Amino acid sequence: MEVQTKTIDCTLTVSFRGELDHHAARETVTALERAVDAALPMHLTLDFGGVTFMDSSGIAVVMRAFRRMSALGGRLELINVPAQAKKVFDAAGITARVPMGT
Amino acid sequence: MKVKPNNYIALEFLSRSVNEGFARTAAAAFATQLDPTLDELGDIKTAVSEAVTNAIVHAYPDALGKISLRASVFDGNVLEIVVRDWGCGIADVDKAREPLYTTGGEERSGMGFTIMESFMDALIVRSKPGKGTVVTMKRRIAQRSGRK
Ligand SMILES: Nc1ncnc2c1ncn2[C@@H]1O[C@H](COP(=O)(O)OP(=O)(O)O)[C@@H](O)[C@H]1O
Ligand SMILES: [Mg+2]
């Protein structure tokens, strides 16, 4: 899993590339939390455009980001979620809690 | 009477997380003989990933153990996946299958069984504490005419 970060104004964008499974989850969470701690953003955008596979391990990663942004009083958004990952989010009811855009 | 599969593969691997990708990719590659759509292939990959991850994370929490995966094709374009471990087992299977139920803490979502159930046509979980767990999933791949 490749994690890239970019901060513009108060928005931190974190882009994932690769397969987000249990094997990749821990390093993904570490990279994500490090970026959030450094930027303390008002908006966190997770770009899933490069995610070639995701299972329920990805749900835990997103829920963690969701709780962290709630604690900061900020907002979380997911963009470019591929169909396979979207189906996993739908099954977990994440789509109702976290906005997903393009 | 036990029905014989038309084809099968059997894999055995150690409960290392790096094998998660290998196991789901192998199952998906085997399933391509049923001419599935990309969506169907995605469902199969996801369900296999959930079952194998459970065996790696929960069955052998502080050791390495053996996991087996068997994929079979039956009459009627039915794919069957069996993931087996010889780990700690599940005391209350009904409870474990409930959405959001997890013993894995923050790193897990408790949605694994829910996803296996909704992405496949059938999910059977047999488990004995101290002996291990057998997860059987079935999915019929629709035969569509004029599909590439
Ligand atoms: N192969 C297994 N061996 C032992 N326990 C298991 C196994 N598979 C699942 N479990 C138990 O069932 C619970 C629910 O599994 P699941 O729905 O996949 O959610 P999660 O993996 O996120 O915890 C697990 O937290 C664990 O307690
Ligand atoms: Mg699981």
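I started with how α2(B) and α4(B) run relative to each other. This is a predicted model, and in it helix α2 (residues 38–59) of chain B packs against helix α4 (residues 112–119) of chain B at an angle of about 150°. Angles over 145 degrees count as roughly antiparallel, so α2(B) and α4(B) are roughly antiparallel to each other. I also noted that their axes are 9 Å apart and that the crossing is left-handed.

Next I looked up who touches whom. From α2(B) I got Asp43(B), Thr46(B), Ala47(B), Glu50(B), Ala51(B) and Asn54(B). They meet Gly112(B), Phe113(B), Ile115(B), Met116(B) and Phe119(B) in α4(B). Sorted by class, that contact has 6 nonpolar, 3 polar and 2 charged residues.

Then I turned to the other helix pair. Helix α1 (residues 19–31) of chain B packs with α2(B) at an angle of about 145°, and the axes are 8 Å apart. Here the crossing is right-handed. On the α1(B) side the contact includes Ala23(B), Ala27(B) and Ala31(B), and on the α2(B) side Leu41(B), Val48(B) and Ile56(B) are among the residues involved. The class count for this contact came out as 9 nonpolar, 3 polar and 3 charged residues.

Last stop was the ligand. How many residues surround ligand 1? I found 19, and the closest are Asn54(B), His58(B), Thr102(B), Thr103(B) and Gly110(B). The side chain of Asn54(B) has an N or O atom 2.8 Å from an oxygen atom of ligand 1. For Phe113(B), a backbone N or O atom lies 2.9 Å from a ligand 1 oxygen. With Gly112(B), a polar backbone atom is 3.2 Å from an oxygen atom of ligand 1. I'd already written down Asn54(B), Gly112(B) and Phe113(B) in the contact of α2(B) with α4(B).

Key: Residues are numbered from 1 along each chain as its sequence is written. Chains are lettered from A and ligands numbered from 1 in the order in which they are written. This is a predicted model: local features need pLDDT of at least 70, side-chain atom pairs count only at pLDDT 80 or more; totals for chains, interfaces and linings use all residues. Side-chain values use heavy atoms; hydrogens and water are left out. Axes are lines fitted to C-alpha atoms, for helices over the stretch in contact, and angles run from 0 to 180 degrees between N-to-C directions. Helices (H or I, at least four residues) and strands (E, at least two) are DSSP runs, numbered from the N terminus. Angles under 35 degrees count as roughly parallel, over 145 as roughly antiparallel, 65 to 115 as roughly perpendicular and the rest as oblique. A crossing is left-handed if the near helix is turned anticlockwise from the far one by less than a right angle, and right-handed if clockwise. Contact means heavy atoms within 4.5 Å. Ala, Val, Leu, Ile, Met, Phe, Trp, Tyr, Cys and Pro count as nonpolar, Asp, Glu, Lys and Arg as charged, and the others, Gly among them, as polar. A residue is near a molecule or strand if one of its heavy atoms lies within 4 Å of it. A polar contact is a pair of N or O atoms within 3.5 Å; within protein, one must be able to donate a hydrogen and the other to accept it, and residues adjacent in sequence count only if both atoms are side-chain atoms.
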